[in-house]
Amino acid sequence: MTIFCSHCHRPLQAETSCLPRRARQAPSASKPFRSTKGASKARRDQINAELQALRSLLPISSQEKERLSYLNTMALVCLWLRRAHLFPPDSAPPVAPAFGMELLSLLPGFFLVLLANGKLAYISENVAQVLGLSTVELLAQGDTVFDILDGPVQEAVQEKLLLAQEQPGTEVTFVSKMRTSKAFRLQHGGNRAVAVRGRFVALHRPASPCASAFMAFCTPVAQLPADGDAVSQDDLFRSVHALDMTFTDVTESVIYHLGYHREELIGRSWYSLLHPDDTSLAAAQHRAVALGAGAAAAVLRVLRSDRTWAWLHAAARRDRRTRSIACASRSLSEQEAAHLRARQPAPPPPPPPPPARPATTAPPPPRALGLLAAQLRALADSLAPPPPPAAPAWSPAWPDPAVAPPGPPDGHPLARLLGDAGPPATHAHAALYPLQ
């Protein structure tokens, strides 16, 4: 008889079991428990040490370094790595956009360099004058140009960048609002509109022969009505007009914007330069300023000396001491003009005409006037001499001239007016209409 083990089900030669044999085997040793708390702390300490080392290498002030978070530190490090990749420090001649703060403070905008995917590679330090945010604070929004733009304009900006990338050297322009500081938002009523003009430039480098960067110059767009920052910029020309908008004085810089010399415009009317489609808007603003409504601003087209049209943002204000109107006009691109035109308020309605003075005597009603005119025509017909009768071709029986035609009765008003002579026979019917 074959006996099988109750555990392994193998045949046994005797009534034995395999359990004692398995019991004689040494038990397997369990793995010891190892805590990862110390390893995680060591890894965090190593990351913090690396970030502190990178923070110390950033070319910013110590006060800004102390305010940097880990994310801001990584964003700044990535920005400087992209800049060093595009503009190596050992390149000769130097092509990196290095400008002094004195020169940058004189510019009406700031410089911006982007990669093909929209990553920020360079922002000039004078960005704080336009947006109220430093480079460090601006990078806290993100490391792409889409992170600092306000509103759903990402697709439109991407199309512009793709167009510029397909045609290197072609300048593209787009207007969008950029994020600003809280103080700037309170001053300008929201984020600030900025016009970006730039093109893709190919950078010939041994390490990256096909590298290219989008270099742009960003200028703030004047608000409606004109703000103080826009008036102080260099792309303005000023003019003084009489109350009928005739030029009495203009700055010499008008030649750079419109091509006219100062002497050509003095004594000339402002309306002679305006586009025909913009005269009604200019007249409404002129009327508002002349009536003492304060300052008024409008986006208009003005004729240049080369017979082309220039877009201007003109802000006018009346000076009551000199009885004149002062204007500050700024040149705009078509994109800036379209952006401001969409936000331009409607012109004020013309003032109502003065009320008519009441007449001393009320005119007669139209029915009485018509009846009086008919009676006067009948009287004129009755007093007119009759036309001489035409001689007939045959000899009729003429009436006796001694016999007078019957006249009106003696008590008739027309008989009293004419006296003894009655009306002619041919117009005797007119005397039947008495004068009322």
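Author: Let us begin with Phe200. At 3% relative accessibility, this residue counts as buried, since buried means under 20% relative accessible area. The model is a predicted one, and the values that follow are computed from it.

Phe200 has an aromatic partner, Phe214. The rings of Phe200 and Phe214 lie 5.3 Å apart, centre to centre, and their planes stand at 55 degrees, in a pair that is tilted. Phe200 belongs to strand β7 (residues 192-203), while Phe214 belongs to strand β8 (residues 211-220). What of the burial of Phe214? Its relative accessibility is 1%, and therefore Phe214 counts as buried as well.

In general, a pair of aromatic rings is described by the distance of the centres and the angle of the planes. The structure holds 3 aromatic pairs, and another of them is formed by Phe247 and Trp270. Here the ring centres are 5.9 Å apart and the planes are at 55 degrees, so this pair is tilted. Phe247 is found in strand β10 (residues 247-250), whereas Trp270 is found in the loop between α13 (262-265) and α14 (279-290). This pair also links distant parts of the chain, its members being 23 residues apart. Both Phe247 and Trp270 are buried.

Asn126 is placed in the loop between β4 (120-123) and α6 (127-131).

Helix α2 (residues 37-57) packs with helix α4 (residues 70-86) at an angle of about 50 degrees, and their axes are 10 Å apart. The two helices are therefore oblique to each other. The crossing in which α2 passes α4 is left-handed. From α2, the residues Asn48, Leu51, Leu54 and Arg55 take part in the contact, and they meet Tyr70, Thr73, Met74 and Val77 in α4. Of the residues in this contact, 5 are nonpolar, 2 are polar and 1 is charged.

Methods
Residues are numbered from 1 along each chain as its sequence is written. This is a predicted model: local features need pLDDT of at least 70, side-chain atom pairs count only at pLDDT 80 or more; totals for chains, interfaces and linings use all residues. Side-chain values use heavy atoms; hydrogens and water are left out. Axes are lines fitted to C-alpha atoms, for helices over the stretch in contact, and angles run from 0 to 180 degrees between N-to-C directions. Helices (H or I, at least four residues) and strands (E, at least two) are DSSP runs, numbered from the N terminus. Angles under 35 degrees count as roughly parallel, over 145 as roughly antiparallel, 65 to 115 as roughly perpendicular and the rest as oblique. A crossing is left-handed if the near helix is turned anticlockwise from the far one by less than a right angle, and right-handed if clockwise. Contact means heavy atoms within 4.5 Å. Ala, Val, Leu, Ile, Met, Phe, Trp, Tyr, Cys and Pro count as nonpolar, Asp, Glu, Lys and Arg as charged, and the others, Gly among them, as polar. Rings of Phe, Tyr and Trp (its six-membered ring) pair if their centres lie within 6.5 Å; planes under 30 degrees apart count as stacked, over 60 as edge-to-face and the rest as tilted. Buried means under 20% relative accessible area, exposed over 50%, partly exposed in between (1.4 Å probe, protein chains only).
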